[in-house]
Amino acid sequence: DGCGHTVLGPESGTLASINYPRTSPNSTVCEWEIRVKPGQRVQLKFGDFDIDDSDSCHSSYLRVHNGIGPNRTEIGKYCGFGFQMDGLITSKSNEVTVQFMSGIHTSGRGFLAAYSTTDKSDLITCLDNASHFSEPEFNKYCPAGCVIPFADISGTIPHGYRDSSSLCMAGVHAGVVSNTLGGQINVVISKGIPYYEGSLANNVTSKVGPLSTSLFTFKTSGCYGTLGMESGVIPDSHITSSSTLEWPNETGQVNIWKPENARLKRIGPPWAAFISDEHQWLQIDLNKEKKITGIVTTGSTLAEHYYYVSAYRILYSDDAQKWTVYREPGMGKDKVFQGNTELYQEVRNNFIPPIIARFFRINPLKWHQKIAMKVELLGCQFSIGRAPKITLPPPPQNKNDEKNADFMDDFIHSVKTSLQTDKTTFTPEIKNTTVTPSVTKDVALAAVLVPVLVMVFTTLILILVCAWHWRNRWKKTEGTYDLPYWDRAGWWKGMKQFFPTKSAEHEETPVRYSSSEISHLRPREVPTMLQTESAEYAQPLVGGMVGTLHQRSTFKPEEGKEASYADLDPYNSPIQEVYHAYAEPLPVTGPEYATPIIMDMSSHPSTPLGAPSISTFKAAGNQAPPLVGTCNKLLSRTDSASSAQALYDIPKGQPGPGSADQLVYQVPQSVAHPTVSKDE
């Protein structure tokens, strides 16, 4: 009568004294016989130990033995208040006996212990929580039987659990370990949140919790997605039931609570059975085999109809003909799942191991008023694979072997539940889903070549853009209008000799060349002779565009019409100094007009025979300047010393510095011309 909470699994379990964690009663005793697989050994770990030692472990104690029965040997005898036992107690065989004796005492909680096989070196107890471990991530083994009424948890998945929660009990609530089997958990510690929700899952109630400094979650396989009831992926035609509730409302309209109404979170009435008994069922066709890891249920969700299912069984099939009831491995009876406790709350139950099937059926066993529910299935796609072949032992030869035969039947049934060897071969829906090797190679080659080609073309484009940008910058630094090795103005002077100019009347005149004068000159000195009307004023050295040279001048007289111009050979002039390409203002001390230019007008067709030609020069005194023909050199416009002494023509009608008798004009010809008289 001294046995408390006890779950003895095939590989692990939990045991506690009666009334734990309250004071155990006087004069009680309990023995636990633990067996694991042959060849394994048992290890025992205490989560709490508080036994009265007032009589030196004489009447109150805990004793551990190797083996079971009269041949067992004692490993140790323990007592004490708040006794701390470092390490584990390990047996020498696969059998252990634990004996608890409680004598006359006034205090003492008793004990809580966990056991497992020795290959589970990271065993913890149901009382351990996340605050006992400093690592941000760790793996531990939870024993079976950690759903205990004296432990609390706060939180739910996926938000996480408060750090004060029991690790193993939270693992059962999250569906990562089974309460009847235990299992491995992978825990991740993170920063806490201000509020923890409560929920009911896997027969564990999580309470609402306040702010904490940290929380923990579990790493899982990720096969917990919804399978299509809520979203509508599963069509209405694939949801059937044993019966449907039909009833008229106050207005006489008939309400039908059809099976397709059994979609979780769908607004409106649920599915309800016409008759409420244990033979009713709701069936879901998933269209193909899938891996089902859990189920979520609610009641009617209608306040005026307080209906819900509080307990149910699960059946599954591959052909909707032969059905299998879900059982946990090693268990000889059908598993009954806890359902709802009211009509609104969502309750989750997980399948460990998962179910692999196409057809899924819910069989209500207990309900409130009427059978009514809404459902969602959890899981993922199932990758087809053949299950390992099970080798059966020979049939029993005597009565002593019948127990072993029964054990093997249960074991085979549990393996079939997890592996689904019955009709889990290939189905037509997933044929030809693999990729041939050649296609795989091409895909891999394309996956490598495409990024490489993109990088190469991108690099070439960047190089071209950078080169173009550098070239533009180099041009800007050199200067758009700078000519590094020739004078721009001098270049224009030379180039405009090759274009015809207009006379004062804006008439085009042909370009004529004197072969007699060109013959005795060097090629470098051969000028281009332009035949045109004589002008009153000298044309500018430079102008705008070549086509408009004959319309522009560097100065404007006070009166008289604009005159045309003619240029002499620029090649016989001295080497010009480099000066600005545009016309510069004349110096104050310099001449009023531009430097004179001598032109050969002897062969001009428009000049009348015997008529005196007019020169653009004014001679000093009465002496005419010497004639040098086409070899006369131009004066440099930048020669300020000689420009002060140069004499220029006076426009017609303008009074000059001397009298009219001193105005003698010369015609630039290769032969001498008579001097112009005063009458002109």
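Leu44 has Ile89, in strand E7, as its bridge partner. Strand E4 (residues 42-50) and E7 run antiparallel and are joined by two bridges; strands count as paired if DSSP finds at least two bridges between them. The strands (E, at least two residues) and helices (H or I, at least four) are DSSP runs numbered from the N terminus. The model is predicted: local features need pLDDT of at least 70 and side-chain atom pairs count only at pLDDT 80 or more, while totals for chains, interfaces and linings use all residues. Residues are numbered from 1 along each chain as its sequence is written, and side-chain values use heavy atoms, with hydrogens and water left out.

E4 and E7 belong to an open sheet of five strands in the order E1-E2-E9-E4-E7, with antiparallel pairing. Strand E1 (3-8) and strand E7 (89-90) are at the edges with a single partner strand each, so one side of each has no neighbour in the sheet.

Buried means under 20% relative accessible area, exposed means over 50%, and partly exposed lies in between (1.4 Å probe, protein chains only).

E22 pairs with several strands. Strand E18 (residues 239-241) is antiparallel to E22 over three bridges, and Ile239 has Ile284 of E22 as its bridge partner. E26 is joined to E22 by 11 bridges, again antiparallel; here Ile292 is partnered by Ile355 in E26. E27 pairs with E22 in the antiparallel sense over eight bridges, with Gly294 opposite Leu378 in E27.

## Nonpolar cores

A nonpolar core is a set of buried Ala, Val, Leu, Ile, Met, Phe, Trp, Tyr and Cys residues joined through side-chain atoms within 4.5 Å. The largest one has 27 residues, of which Ile295, Ile314, Phe351, Ile355, Phe360 and Ile362 touch the most other members. At least two residues of this core come from each of strand E22 (282-298), strand E23 (308-317), strand E26 (347-368) and E27. Another core of 24 residues lies apart from it, with Cys142, Val147, Ala170 and Ile185 among them.

Beyond its neighbours within four places in sequence, Ile362 is in contact (heavy atoms within 4.5 Å) with Gln280, Trp281, Leu282, Ile295, Tyr312, Arg313, Ile314, Met373 and Val375.

## Aromatic rings and a charge

Rings of Phe, Tyr and Trp (its six-membered ring) pair if their centres lie within 6.5 Å; planes under 30 degrees apart are stacked, over 60 edge-to-face, and the rest tilted. The structure holds 18 such aromatic pairs. In one of them, Phe351 and Phe360, the ring centres are 6.1 Å apart and the planes are at 50 degrees, so the pair is tilted. Phe351 is buried at 2% relative accessible area, and Phe360 is buried at 0%. One aromatic cluster consists of Trp32, Phe46, Phe49, Tyr78, Phe100 and Phe111.

Arg361 lies over the face of Trp281, 3.9 Å from the ring centre. The charged end of Arg361 also sits over the ring of Trp323, at 4.1 Å from its centre. The criterion is NZ of Lys or CZ of Arg within 6 Å of the ring centre and within 35 degrees of the ring normal.

## An exposed loop residue

Ser383 is in the loop between strand E27 (372-381) and helix H2 (402-419). Its relative accessible area is 63%, so Ser383 counts as exposed. The C-alpha atoms of Ser383 and Glu289 are separated by 9.1 Å, with the two residues 94 apart along the chain.
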